[in-house]
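Subject: Structure for your files

Hello,

Here is the structure I said I would pass on. My notes on it follow below the files.

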2 protein chains.
Amino acid sequence: MATVHRRYKDATFEIFARIAKALASPKRLELLDLLAQAPKTVENLAEATGLTLANASQHLQAMKAAHVVASSKEGLYVRYRLADPKVIEVYLSLHSLAETLDAEIKEVTDKYLKGREEMEPIASGELRKRLKAGSAILIDVRPEDEYQADHVPGSINFPLHELESRIAELPKGREVIAYCRGPYCVQSVKALEILKAKGIKARRLSAGVHQWKRETAGRQS
Amino acid sequence: MATVHRRYKDATFEIFARIAKALASPKRLELLDLLAQAPKTVENLAEATGLTLANASQHLQAMKAAHVVASSKEGLYVRYRLADPKVIEVYLSLHSLAETLDAEIKEVTDKYLKGREEMEPIASGELRKRLKAGSAILIDVRPEDEYQADHVPGSINFPLHELESRIAELPKGREVIAYCRGPYCVQSVKALEILKAKGIKARRLSAGVHQWKRETAGRQS
DNA sequence: AAAGTATTCAATAAGATACTTGATTACTTT
DNA sequence: AAAGTAATCAAGTATCTTATTGAATACTTT
């Protein structure tokens with residue numbers, strides 16, 4: 001009898017671990033981070049993460065075996081996506097845990113941002129007020145497909161690589177708030193550099209769409 | 001410049017992965033599951049999980065290195081605890097993900113419960129009503145230290161191994177609802193077997209304290 | 001101080017994982 | 001049909017992980 005219980009326990013924890021293992025690699029987390037923004041092809045993902053095609057494919061297959069991602073063939077391409085929005089939940093709670101547990105994550109970020117001009121992010125409460133009042137404009141500097149997939153309500157898409165050439169489209173006299181994939185994404189930091197170089201007052205929203213939705217969940221407006 | 005960004009990304013995902021790896025083992029998840037109930041000594045944990053002392057100690061140290069658990073020496077014993085309540089958040093969201101992704105987890109549970117009499121769990125909403133109305137009594141069949149650490153409000157502690165001998169203490173004419181560590185814990189199942197053998201009407205609450213708190217968060221009563 | 005106990009350490013063997021390279025497959029375009 | 005491209009597969013090596021064993025450490029009790 002005791003062994004029946006042990007076997008049952010082993011089986012359930014084995015299943016949990018299978019999923020946890022799918023997440024337990026820096027590269028796979030990076031792939032998930034990208035997939036959390038929008039579905040992407042293996043080629044896209046390999047390029048964005050700096051992995052070889054074969055290696056990216058193998059990581060994706062490993063996650064597929066754990067049912068964490070799903071794929072579909074579209075002509076020559078295979079497009080991967082998260083198997084379920086709950087994957088984002090786990091990913092975000094892992095982020096949040098890392099921030100509490102690991103002082104190192106703060107150090108790494110500080111070190112990266114050091115020397116760059118005022119990068120202090122704006123709080124979501126303040127942002128909401130200012131957007132309503134019309135004193136600020138929120139730009140989403142991610143690629144268009146990610147903006148299409150989901151974005152913070154009220155934001156306008158200015159993909160990073162188009163930002164410099166489209167800078168005239170920004171309304172004058174309003175502060176620009178830029179956001180991208182999330183607190184550890186570098187795109188909004190780069191956007192700020194471009195904007196400040198042109199003398200435009202700009203700040204960063206450190207949250208991405210998912211963090212935003214998480215924070216503002218159950219709140220109206 | 002591109003390499004600066006790559007290095008920054010690598011560093012942050014490395015940190016996330018370090019934490020994820022600490023969770024990515026069936027045995028370590030089982031240890032965390034126990035620690036989520038109450039702090040415990042290495043000896044306790046080794047016995048409960050069926051690991052050798054040395055092996056349990058090594059797993060615990062691995063998690064300690066990732067700052068997921070903390071320990072303190074108490075005389076001869078070393079007592080381990082979760083480093084932060086947020087660890088539970090991640091663990092619960094992993095559970096919840098596993099349930100959505102993996103049909104297998106349901107199969108394993110069904111198979112285990114098969115043949116045992118009516119084990120359908122009671123919903124938390126219904127439970128609250130019936131406790132208020134006084135038509136049911138909620139018993140916590142976990143060991144006393146876990147009950148002391150935290151329990152569902154209104155529950156009474158009847159540790160599994162004392163249940164049979166203390167059965168007379170149960171009020172007559174009320175249905176008994178038993179709960180333990182969570183949906184995959186076998187103690188409440190065993191409790192039901194004992195109670196039913198004595199002809200006492202009993203059901204199971206599949207949630208543990210943490211699931212209960214999560215479900216009823218932001219609700220009053 | 002000596003004996004006893006809980007935990008950790010160190011060394012090792014077996015197993016799983018990650019990345020590389022060079023095919024191979026599946027599909028599209030010409 | 002032939003050429004081209006995205007993705008996968010297969011095999012090999014280097015690297016981690018896990019569990020085991022026996023010895024060492026750190027306390028407590030006698």
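Two strands are taken to pair if DSSP finds at least two bridges between them. Helices (H or I, at least four residues) and strands (E, at least two) are DSSP runs, numbered from the N terminus.

This is a predicted model, in which local features need pLDDT of at least 70 and side-chain atom pairs count only at pLDDT 80 or more, while totals for chains, interfaces and linings use all residues. Residues are numbered from 1 along each chain as its sequence is written, and chains are lettered from A and ligands numbered from 1 in the order in which they are written.

The sheet in chain B

Chain B has an open sheet of four strands in the order S5-S4-S6-S7, with parallel pairing. Strand S5 (156-157) and strand S7 (202-204) of chain B stand at the edges with a single partner strand each, so one side of each has no neighbour in the sheet. Strand S6 (residues 175-179) of chain B runs parallel to S7(B) and is joined to it by three bridges. B:Ile177 has B:Arg203 of S7(B) as its bridge partner. Helix H10 (residues 187-197) of chain B packs on this sheet and touches S6 and S7 of chain B; its direction makes about 170° with that of S7(B). Such axes are lines fitted to C-alpha atoms, for helices over the stretch in contact, and angles run from 0 to 180 degrees between N-to-C directions.

The two chains

In chain A, 45 residues are in contact with 45 residues of chain B; contact means that the C-beta atoms, placed from the backbone, lie within 7 Å. Helix H1 (2-23), helix H2 (26-35), helix H5 (86-101) and helix H6 (103-113) of chain A each supply at least two residues of the side that touches chain B. H1(A) has the largest share of that side, with 16 residues. By class, the side of chain A that touches chain B has 25 nonpolar, nine polar and eleven charged residues. (Ala, Val, Leu, Ile, Met, Phe, Trp, Tyr, Cys and Pro count as nonpolar, Asp, Glu, Lys and Arg as charged, and the others, Gly among them, as polar.)

Chain A is superposed on chain B by a rotation of 180° with 0.0 Å of shift along its axis (RMSD 0.0 Å). The two copies are thus related as by a two-fold rotation axis. The same surface serves both, as 100% of the contact residues of chain A recur in chain B.

The DNA strands

DNA strand D is surrounded by 23 residues, the closest being A:Thr41, A:Glu43, A:Ala54, A:Ser57 and B:Ala54. A residue is near a strand if its C-beta atom, placed from the backbone, lies within 6 Å of it. H4(A) gives the most to this surface, with five residues. The surface near DNA strand D has ten nonpolar, nine polar and four charged residues.

DNA strand C is also surrounded by 23 residues, and the closest are B:Thr41, B:Val42, B:Glu43, B:Ala54 and B:Ser57. Here H4(B) supplies the largest share, five residues.

Regards

Key. Contact = placed C-beta atoms within 7 Å. Least-squares fit on C-alpha atoms with pLDDT ≥ 70 in both.
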